[in-house]
Amino acid sequence: MAETLQIAFYIVSPIGTFLAVATAYYAIYRQTKPCVVVYYELNPDTTSLIDLVIRNIGTGTAREISFSVPLPILCWGIEKPDSSESKQIDHKIPFLAPGKELRFNAGQYGGLKHRVQDGIGVSSQYIFRTPLRSSKKGTDSSMLDVNYMKHASTKNSAAQDLSDALKGKNQTVFINMNKSLASISKSLSELAEKRDDA
């Protein structure tokens, strides 16, 4: 009986050790793996504009990122595509750290809808380093789609409205104040000139 228990211990002990090491390695491996997602998002300042976002939501650095299809950008037109020529991203991205993102001006709803139709499946391929410092290839899948933006709000952010107001792009109290100040300045200059002449 004792010999049977000893033999069982010799068999179970290495298996248990192997499983513990494998579990620890897998946990560390998950902490070093990137996860690259690609999607369209409304621009946070001007909602008639749409951004293409490439983001690493994983915990490791992705290197030499390439995409299975070119990513459409600069597709203009709100209701329907206009006649301007769109572009696409078809080059590699050398480096994307964990939690970081790249933003590109993708265009407007009508132009993008014409290009992506019901959506484009995109695979992001990249290289990352494992806990043992060896290079490994990774792949993540995303869907480029704009259909969910069809009825999105078209209100700009307060920061954008303030910026436009200060630049005089929309009729606001700032423009009226600037006109009033210019009128007062002109009147004061005229009074000063009359006083100097007298």
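Biologist: Which residues form the nonpolar patch on the surface, and what accessible area do they have together?

Modeller: Leu-181, Ile-184, Leu-188 and Leu-191 form that patch. Patches take residues with over 30% relative accessible area and no salt bridge, joining like charges within 9 Å and nonpolar side chains (Val, Leu, Ile, Met, Phe, Trp, Tyr) within 5 Å. A salt bridge is a Lys or Arg side-chain nitrogen within 4 Å of an Asp or Glu carboxyl oxygen. By the Shrake-Rupley method with a 1.4 Å probe, counting only the protein chains shown as cover for residues, the four together have about 420 Å².

Biologist: Is Leu-188 buried or exposed?

Modeller: Do keep in mind that this is a predicted model, where local features need pLDDT of at least 70, side-chain atom pairs 80 or more, and totals for chains, interfaces and linings use all residues. Numbering starts from 1 along each chain as its sequence is written, and side-chain values use heavy atoms, without hydrogens and water. Buried means under 20% relative accessible area, exposed over 50%, and partly exposed in between (1.4 Å probe, protein chains only). At 54%, Leu-188 is therefore exposed.

Biologist: What kind of aromatic pair do Tyr-126 and Phe-128 make?

Modeller: Rings of Phe, Tyr and Trp (its six-membered ring) pair with centres within 6.5 Å; planes under 30 degrees apart are stacked, over 60 edge-to-face, the rest tilted. A search of the whole structure finds 1 aromatic pair. Its ring centres, in Tyr-126 and Phe-128, lie 6.1 Å apart with planes at 55 degrees, so the pair is tilted.
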